[in-house]
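I opened a new notebook page for this structure. These entries record what I looked up and in what order.

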Amino acid sequence: MIKEKGILFILSGPSGVGKGTVRKKLFEEELDLQYSISMTTRDRRTGEVDGVDYFYKSREEFEKLVKEGELLEYAQYVNNYYGTPRKYVEETIEKGLDVFLEIEVQGAMQVKKNFPQGVFIFLFPPSLEELKNRIVNRGTESQELVLNRLKEARNEIEMMDAYDYVVVNDQVETAVDKVKAIIKSEHLKRERIAKQYKQILEDELS
Ligand SMILES: Nc1nc2c(ncn2[C@@H]2O[C@H](COP(=O)(O)OP(=O)(O)O)[C@@H](O)[C@H]2O)c(=O)[nH]1
Ligand SMILES: Nc1ncnc2c1ncn2[C@@H]1O[C@H](COP(=O)(O)OP(=O)(O)O)[C@@H](O)[C@H]1O
């Protein structure tokens, strides 16, 4: 009997589109899905917990992890590093459990290279105007950075073709429902393939 591997889901999209918001809402429910906690060099914000929100690392520690090949992908974002622990993702998938990543676009493209069998979901803004409003309202970036983010967003949106699914984040609840529907549909697809595979084996043996 061949042990089935888990599925790797990747939620990505331009800065400010609502990745963090959608992911948090998605995980408010009990799901059969493991969230991969990222490593970061950014400071811990009030209310955040080490090992829950992120694993907080110094720049030196992070660079060592990169050198030792401990990260499945990593990227720099607003002067800080962010990265996905390779071992956790690989071991969890080997166990047959599904893993969910919420990462920015550069990182998602690295995962695509190293793990093309992943399911890539691109979160899309209702409009560029709304994307700008969200970045401004979030209030974490200066005016200059907002303009930079928007310019980057245009380039990032061009990479949309590399993704398996596109979800418009108009209402958070609707976007979450769509992500859940994608997960369910991928499960059904996997079950169907497993059944067909089993049938082929049985036919060959009979
Ligand atoms: N490449 C990559 N990006 C990540 C990772 N973890 C988080 N991010 C992204 O880093 C960006 C900044 O995250 P964060 O500092 O938590 O701020 P916020 O989500 O903008 O409030 C977001 O776009 C996240 O999706 C990771 O492991 N790898
Ligand atoms: N569907 C939505 N409608 C309105 N505002 C949203 C929606 N999704 C997210 N936001 C808001 O947009 C801002 C950016 O969201 P965030 O989750 O930080 O984006 P990202 O993680 O993609 O950078 C936040 O202030 C958040 O509350």
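**Entry 1: the whole chain**

I noted at the start that this is a predicted model. I then went through the secondary structure and found seven helices and nine strands in the protein chain. I looked up the radius of gyration next, and it is 18 Å. The globule rule gives 17 Å for 206 residues, so the chain is as compact as a globular protein of that length. I also took the box along the principal axes, and the C-alpha atoms fill roughly 70 × 40 × 30 Å.

How much of the chain is buried? I found that buried residues make up 26% of the 206 residues. For contacts with a separation of 6 or more, I found that 69% join residues 24 or more positions apart.

I wrote down a general point before starting: strands of a sheet pair through backbone hydrogen bonds, either parallel or antiparallel. I then traced an open sheet of five strands in the order β2-β7-β1-β8-β9, where the pairing is parallel. I marked β2 (34-35) and β9 (165-168) as the edge strands, since each pairs on one side only.

I looked at one pair in detail. Strand β1, residues 8-12, and strand β7, residues 99-102, pair in the parallel sense over four bridges. Within this pair, I saw Ile10 standing opposite Leu101 in β7. Helix α1 packs on this sheet, and I found it touching β1, β7 and β8 (119-124). The direction of α1 makes about 140° with that of β1. I also found helix α3, residues 86-94, lying across β1, β2 and β7, and it runs at about 150° to β7.

**Entry 2: the four-stranded sheet**

In what order do the four strands of the other open sheet lie? I read the order as β4-β3-β6-β5, and the pairing is mixed. The edge strands are β4 (55-56) and β5, each of which pairs on one side only.

I noted that the bridge partner of Tyr74 is Gly83, in β6.

**Entry 3: Glu91**

Is Glu91 buried or exposed? I counted 12 other C-beta atoms within 10 Å of Glu91. A residue with 12 or fewer counts as exposed, so Glu91 is exposed. I also checked Glu91 against Gly6: the two are 85 residues apart in sequence and 9.7 Å apart in space, C-alpha to C-alpha.

**Entry 4: the two ligands**

Which residues come closest to ligand 1? I found 15 residues around ligand 1, and the closest are Ser38, Ala75, Tyr82, Ile103 and Gly107. The elements that give two or more residues to this shell are α1, β5 (71-77) and β6 (80-85). I sorted the shell into four nonpolar, six polar and five charged residues.

Around ligand 2 I found 13 residues, of which Gly18, Lys19, Gly20, Thr21 and Arg134 come nearest. Here α1 (19-26) and α5 (128-138) are the elements that give two or more residues. I sorted the shell around ligand 2 into two nonpolar, eight polar and three charged residues.

Key:
Residues are numbered from 1 along each chain as its sequence is written. Chains are lettered from A and ligands numbered from 1 in the order in which they are written. This is a predicted model: local features need pLDDT of at least 70, side-chain atom pairs count only at pLDDT 80 or more; totals for chains, interfaces and linings use all residues. A residue is near a molecule or strand if its C-beta atom, placed from the backbone, lies within 6 Å of it. Ala, Val, Leu, Ile, Met, Phe, Trp, Tyr, Cys and Pro count as nonpolar, Asp, Glu, Lys and Arg as charged, and the others, Gly among them, as polar. The radius of gyration is taken over C-alpha atoms; the globule rule is 2.2 Å times the number of residues to the power 0.38. A residue is buried if 20 or more other C-beta atoms lie within 10 Å of its own, exposed if 12 or fewer, and partly exposed in between; C-beta atoms are placed from the backbone. Two residues are in contact if their C-beta atoms, placed from the backbone, lie within 7 Å. Two strands pair if DSSP finds at least two bridges between them. Axes are lines fitted to C-alpha atoms, for helices over the stretch in contact, and angles run from 0 to 180 degrees between N-to-C directions.
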